[in-house]
Amino acid sequence: MWFFYTLIPCLLIDGVAILPAPQNLSVQSTNMKHLLTWSPVTVPGEIIYYFVEYQGEYESLYMSHVWIPSSWCSPTKGPECDITDDITATVPYNLRVRATQGSETSAWSTLKPPFNRNSTILTPPGMDVTKDGFHLVIKLEDLGSQFEFLVAYWRREPGAKEHVKVVRSRGIPVHLEAMEPGAAYCVKVQTFVKAIGRHSPFSQAECVKVQGETLPLALALFGFVGFMLILVVVPLSIWKMGRLLRHSCCPVVVLPDTLKITNSPQKLISCRREEVEACATAMLSSEEPFRTWI
């Protein structure tokens, strides 16, 4: 008989039709995402709606045990409810669900025991390890604002030191370290949630190796040498061109040695005066016989 009653869509109590209450309430919580589920109530040809309410420590102690409707599931059609936004503190939460169809309403079903978010399962985060030139780059899965990432990385060689870096950015590539050509580097990561004070396990280590990077290094060296040559050659060329233009536009006239003045102007004037006087004396001497002959 009890099996028969579980098959009929509703029960009759004092001539009033009521819906059966949802059963098998449970919370699946992974990486701080909380999903309340239950067994669906079925009525052939009818759509069943569900209402979800919660009660935290504050509501229980300071608000006379008031129940708060869930942000996303009052009402909802499916037999599940994402209560992540409702669970805002690390305390026990009471959760309850009831079904409705038209004017019919079921009794409340309450989750036993209460849910606390510190029981969430933390899994290793997804990551993508690549290289950007000579830089080791990692991109981490975006798990939400409550998560920090502890990234451990090391050079794959005996006795290599492991470095740890705390990363708070999500979904953005992060440069970890400059890499050497021909060397392999490995990375592993775990999450930390401050709100519950727990770490996830480390992910499997992923390694990358720099290969065939000597050509870019040679090109960089060649470019540096070329740049230094340009710094030297260009100013020298400008200086040479300036001298050429100066000699072309304003040539320097070189006097013959016979026209060069070797003595000072005063000495030259004195010398010229003496030569003139000597010449005048010679001329007068040559004129005396001529006057006598006349």
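Here is a short walk through this predicted model, from its confidence scores to its cores and its disulfides.

The average pLDDT of the chain is 82, and 75% of the residues score at least 70. Strand β4 (residues 33–39) has the highest mean among the elements, at 98, while helix α1 (residues 2–7) has the lowest, at 38. Residues 1–17 have a pLDDT below 50, and that stretch has 15 contacts in the model beyond near neighbours in sequence. Over residues 290–294 the pLDDT also stays under 50, and here the model has 0 contacts beyond four places in sequence.

Now look inside. The largest nonpolar core has 24 residues, and L136, I138, L140, V151, L176 and V187 have the most contacts inside it. Five strands each supply at least two residues of this core: β11 (127–132), β12 (135–140), β13 (147–155), β15 (174–178) and β16 (184–193). Another core, of 21 residues, lies apart from it, with V41, V43, Y50 and I83 among its members.

Finally, find the 2 disulfides. One joins C73 to C81; C73 is buried at 3% relative accessible area, and C81 is buried at 1%. The other joins C186 to C207, with the sulfurs 1.9 Å apart. Because C186 sits in strand β16 and C207 in strand β18 (residues 206–209), this pair ties together parts 21 residues apart in sequence. C186 is buried, at 3%, but C207 is partly exposed, at 37%.

Terms used. Residues are numbered from 1 along each chain as its sequence is written. This is a predicted model: local features need pLDDT of at least 70, side-chain atom pairs count only at pLDDT 80 or more; totals for chains, interfaces and linings use all residues. Side-chain values use heavy atoms; hydrogens and water are left out. A nonpolar core is a set of buried Ala, Val, Leu, Ile, Met, Phe, Trp, Tyr and Cys residues joined through side-chain atoms within 4.5 Å. Buried means under 20% relative accessible area, exposed over 50%, partly exposed in between (1.4 Å probe, protein chains only). Helices (H or I, at least four residues) and strands (E, at least two) are DSSP runs, numbered from the N terminus. pLDDT is the predictor's confidence in each residue, from 0 to 100. Contact means heavy atoms within 4.5 Å. A disulfide is a pair of cysteine sulfur atoms within 2.5 Å.
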